[in-house]
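Reader: I'm new to this structure and a bit lost. Please pick one part, look at it closely, and then show me how its surroundings are put together.

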Amino acid sequence: MDKLKIGYVGVSIPSYFADEYKQSERAVAGLSKLAEELDFDLHAVRKTAMNAEDAEDARRELVANRVDFLMLENAGCSQGQQLIPLSKVCSRMGLWATPEPRLHGDIQIHSLVSMSMYASIMKTYLAQYNIPYKWFYGQPGDEMFDRRFRVTVKALKAMKTLSQSKVGWIGGLSPGFYDMIFDERKLERRFGGLRVFTHELMEIVQMAKRYDESKVGATVSEMKAAATSVEVPDDAMARGGRTYMALKELAAREGYNALAVECWPKFQAFYGLAPCMAYSWLGSEDGMAVACEGDVLGAVSMLMLNQLSDERGSSTLLDIASLDQANTGLQLWHCGVSPRHFANAAGIRWVEHPTIGRKSPGEPRFGVSGDQVFAAGRSTVSYVGRDGDTLLVMNSEIEEKPETPGFIGTRGWFSQFKLNQEPIEMWDLMNTLTVHGQEHHYAVAHGDVSSELLEIAAWLKMDPIKRVPYKDYLQLEDTNG
């Protein structure tokens, strides 16, 4: 995939001291260090643009180099005429002011007022172009500047990856999951090129059946070795291993960045299998986002979290399965798909699927699912909803509760919630999700990447889900929070 490319240019007018204080030179040096650390390409215009003609020359150079984001530094006092050509470089900008070198005597730089003027011009004179911008203050190496800039880089990198990504949709949606019906055209437009490609589930089954026994045996041995116990027959483990190999091969062959796979009821009818272990193993060993039940929006949500999280493996996809009213917590659970790096010290077990087939005549059971309790820690919960029109941004703490370990499957107890970085009580949260009609899957990653998610929402004009405080009366709208 193409790397994120950030452009830089400094602007001033000759009667100020941008060159004397080496503003552009210092900026390029600092951004170059950040480019190496954060893994993006930097194209810097090293000459300070001192007038509108210089700014036009810089625009041509930056456009020719196809930058994704422009850091426009008011290296000194600048004129509005210099902004006009530079506002046409790309679709996203950073407006950057720097501190005065001294706070007495003749003013030397006048950077802050120029940046403020540029922001105002963007919102007034250039309003019809609707160019989003983010402001920055300080120098690379300053704690605030670096923190703010890192959020932007991580968000832009994730957005660029999404714009180039391909999702493999295998089998379709599981029956009745109408809330996850999506429009691939809207997704492609929202994320700037993301595409969805369809496959019949039988293609995976046919691929799975043809693998050499010895290769399957080696894969299954690794799966068994990673588990604290294996409670399913060897033939089920072999089918699970084959399914993993087939999904991995398909993703590599087609260049898919994420998968959404219908896991019931076709898999049971075609192959006598619950494929949860295969999804879990792709997430833990290959870092591949695999959304169960054919949830393409869930796959996109997981892929976005994977780009933002520092975790080696993939995020996971869960349901809200139960409430702990006494301790104001939620159990987020699914039937066995989470990667094993989510597990606490007890690790993961390979077990029969906890629900499929359990009440059928003769009680046929289907393996293989994972059974694990999540380790305590900070988490981010998100979901790309309504074809990308909305974005859930929630943080919580995962707690271990040995006295109530939760339902068999992959699960954890979540509490201490924040919505859009603001604390929210459990009943307000449940009210918000329900009144809004939030899709019932939740992508979960380790750590806190809420700032990056909220920045993505701003750049892409997605609406973060807003709080709807709990009331005893009927609430029909979700915009009064």
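Author: First, a word we'll need: a strand here is a DSSP run of type E with at least two residues, and strands are numbered from the N terminus. With that in hand, let's start at Val 368, which is found in strand 14 (residues 367-373). Keep in mind that this is a predicted model. Gly 367 and Val 368 are joined by a cis peptide bond, with omega at about 20°. There's another cis bond to look for, from Trp 264 to Pro 265, and its omega is near 0°. Pro 265 sits in the loop between strand 9 (258-261) and helix 10 (266-271). While you're looking at the backbone, check Glu 293 too: its phi is positive, about 60°, although it is not a glycine. Glu 293 belongs to the loop between strand 10 (289-292) and helix 12 (296-308).

For a close-up, take strand 6 (residues 166-170), which pairs with strand 7 in the parallel sense over 5 bridges. Lys 166 stands opposite Arg 195 of strand 7.

What holds strands together in a sheet, anyway? They pair through backbone hydrogen bonds, either parallel or antiparallel.

Inside it, strand 3 (residues 69-74) pairs with strand 4 (residues 93-97) in the parallel sense over 4 bridges, and Leu 70 has Met 93 of strand 4 as its bridge partner.

Next, see how helices meet helices. Helix 9 (residues 234-254) and helix 11 (residues 276-286) pack with their axes 8 Å apart, at an angle of about 55°. An angle under 35 degrees would count as roughly parallel, and 65 to 115 as roughly perpendicular; this pair is therefore oblique. The crossing of helix 9 and helix 11 is right-handed. Helix 9 makes the contact through Met 237, Gly 240, Gly 241, Thr 243, Tyr 244, Leu 247 and Lys 248, while helix 11 brings Met 277, Ala 278, Tyr 279, Trp 281, Leu 282 and Asp 286. By type, these contact residues come to 8 nonpolar, 3 polar and 2 charged.

Another pair is helix 5 (residues 143-163) with helix 14 (residues 450-460): their axes come within 9 Å and cross at roughly 60°. Helix 5 and helix 14 are therefore oblique to each other as well, and their crossing is right-handed. On the helix 5 side you'll find Val 151, Thr 152, Lys 154, Ala 155, Leu 156, Ala 158 and Met 159, meeting Ser 451, Glu 452, Glu 455, Ile 456, Trp 459 and Leu 460 in helix 14. This contact divides into 8 nonpolar, 2 polar and 3 charged residues.

Finally, zoom out. The whole protein has 14 helices and 20 strands. Its C-alpha atoms fill a box of roughly 90 × 55 × 40 Å along the principal axes. For 481 residues, a compact globule would have a radius of gyration near 23 Å, and the protein's 26 Å agrees with that.

Conventions
Residues numbered from 1 in each chain as written. Predicted model: local features only at pLDDT ≥ 70, side-chain atom pairs only at ≥ 80, totals over all residues. Heavy atoms only, no water. Axes fitted to C-alpha atoms, helices over the stretch in contact; angles between N-to-C directions. Parallel < 35°, antiparallel > 145°, perpendicular 65-115°, else oblique. Left-handed = near helix turned anticlockwise from the far one by under 90°. Contact = heavy atoms within 4.5 Å. Nonpolar A, V, L, I, M, F, W, Y, C, P; charged D, E, K, R; others polar. Pairing = 2+ DSSP bridges. Rg over C-alpha atoms; globule rule 2.2 N^0.38 Å.
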